[in-house]
Amino acid sequence: MARSRGHRFHDLHHLICRRDWVEFALDAVLNNTGSRTAGVDGVTKKRFEEAEFRDTYVKKLLTNLKSNTYRPQPCRRRWIPKANGSGDKRGLGIPTIQDRVVQMLLKMLLEPIFESDFLDCSNGFRPGRRTMDCVDMCFKLISSLHKYYWVIEGDISKCTPSKGRPFDTIKHTTLIRLIERRVDDHRIMALIKYFLDAGVMEDGLVSPTTEGTPQGGVVSPLLANIYLHEFDKWWWERMGKLEGYQKGQRRRKGNANYRLIRYADDFVILSNGTKEQAYAIRDEAQQFLKENLQLELNLDKTHVTHATDGFDFLGFHIQYMEPLDNKPWLRVTPADKTVERLKNKVREMTDRQQSYDTVLYKFMALNRVLRGWINYYRHVNAKRSARKLDWWVKVS
């Protein structure tokens, strides 16, 4: 049924009221390091070490779900320094563990339905996909064979400076309409609406959320993908469903072909035409996002770049290089911004003001950060950057 894109699913609510589903969702939430941080109710992972507390907790949640009396609580607002070292802060929304569990249930319910609709150009926050899938597509297309040399670097504007992500500008009415195309269960839809409207608590005051997905929510990336899937479909209807011979015919007539590569709200559009044609598709993308999804492209940051000049995407710097031994190649290295962010993180962790129980714990924490960073870049040309960073960490 899930493969029939016109089918609407009904009678889904009973699934999230199953005890085995709730237990599975609770385990998934508690296994996440975020469960050590409490929401507005003050409950953390430590409380669930008591078997009696967990059993009572699950029974009460099941009762509330079955009786349709469950209501999410506001997220607790917490401010942390931005990673760019500017001294500015960004706000985090911390949901309660109970709300994270219910969001996990919604994710378990909705993900199989919408995964059957999502297109291959989308790679962010999807099962079995990662950033390297986007990089791999760049490897294939930015080549002497396919000649996708013009790159439109997509940058979706934020509504206000205090909002840190384009996800915060998602319109609730549009999102609900898109979900209802596939979900015909008023109880599930009501639950999603409750989460969208739950708000944020700061200094004891609750601020309503009139747009955007739940802050810090488990289900938020999926909801954002449902929203931006409309952008994927725009590209698919225009270009994605063309056969190889049809694309060849377009090129012989002087028309460009385009490929969309998206990871959540980060995307690039590759073109094998002229610079003017690349600007034209940028303007079309801007118009579609504004008219259909009420999202704005920041034209100051949405650059049209030739691959030989290089561009940043998902923390990587991607550049088409001059022929080496008569073979042109694509160089992928850590982007300068990510290197600087890592340095700022290291400076923060090695600050004498930081409190660690022992020097050993400080080194252990630092090693975890460095190991995670290099693991992210281990499949690209990161050796030179790693060598420089290794020297910098030792002498700083």
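Q: Is the crossing of α3 and α6 left-handed or right-handed?
A: In this predicted model, local features need pLDDT of at least 70 and side-chain atom pairs 80 or more, while totals for chains, interfaces and linings use all residues. Residues are numbered from 1 along each chain, and side-chain values use heavy atoms, without hydrogens and water. For α3 and α6 (helices being DSSP runs of H or I, at least four residues), the crossing is left-handed (near helix anticlockwise from the far one by less than a right angle), so the hand asked for is left-handed.

Q: At roughly what angle do the axes of α3 and α6 cross?
A: Helix α3 covers residues 97-115 and helix α6 covers residues 186-196. The two helices are oblique to each other, and their axes, which come within 12 Å, cross at roughly 135°.

Q: Which residues of α6 meet α3?
A: The α3 side of this contact (heavy atoms within 4.5 Å) consists of Asp-99, Val-102, Gln-103, Leu-106, Leu-109 and Leu-110. By class, the contact of α3 with α6 has eight nonpolar, one polar and one charged residues. On the α6 side, the residues that meet α3 are Ile-188, Leu-191, Ile-192 and Phe-195.

Q: Which element gives the largest share of the lining of the second largest pocket?
A: The second largest pocket is lined by 17 residues, and Thr-333, Pro-334, Asp-336, Ser-385 and Lys-388 lie nearest its centre. Among the elements that give two or more residues to this lining are β11 (327-334) and α10 (336-349). The largest share, six residues, comes from α12.

Methods. Axes are lines fitted to C-alpha atoms, for helices over the stretch in contact, and angles run from 0 to 180 degrees between N-to-C directions. Angles under 35 degrees count as roughly parallel, over 145 as roughly antiparallel, 65 to 115 as roughly perpendicular and the rest as oblique. Ala, Val, Leu, Ile, Met, Phe, Trp, Tyr, Cys and Pro count as nonpolar, Asp, Glu, Lys and Arg as charged, and the others, Gly among them, as polar. On a 1 Å grid over the protein atoms alone, a cavity is a set of points where a 1.4 Å probe fits but cannot get out, and a pocket is an open set with protein on both sides within 12 Å along at least five of seven lines; lining residues have an atom within 4 Å of a point.
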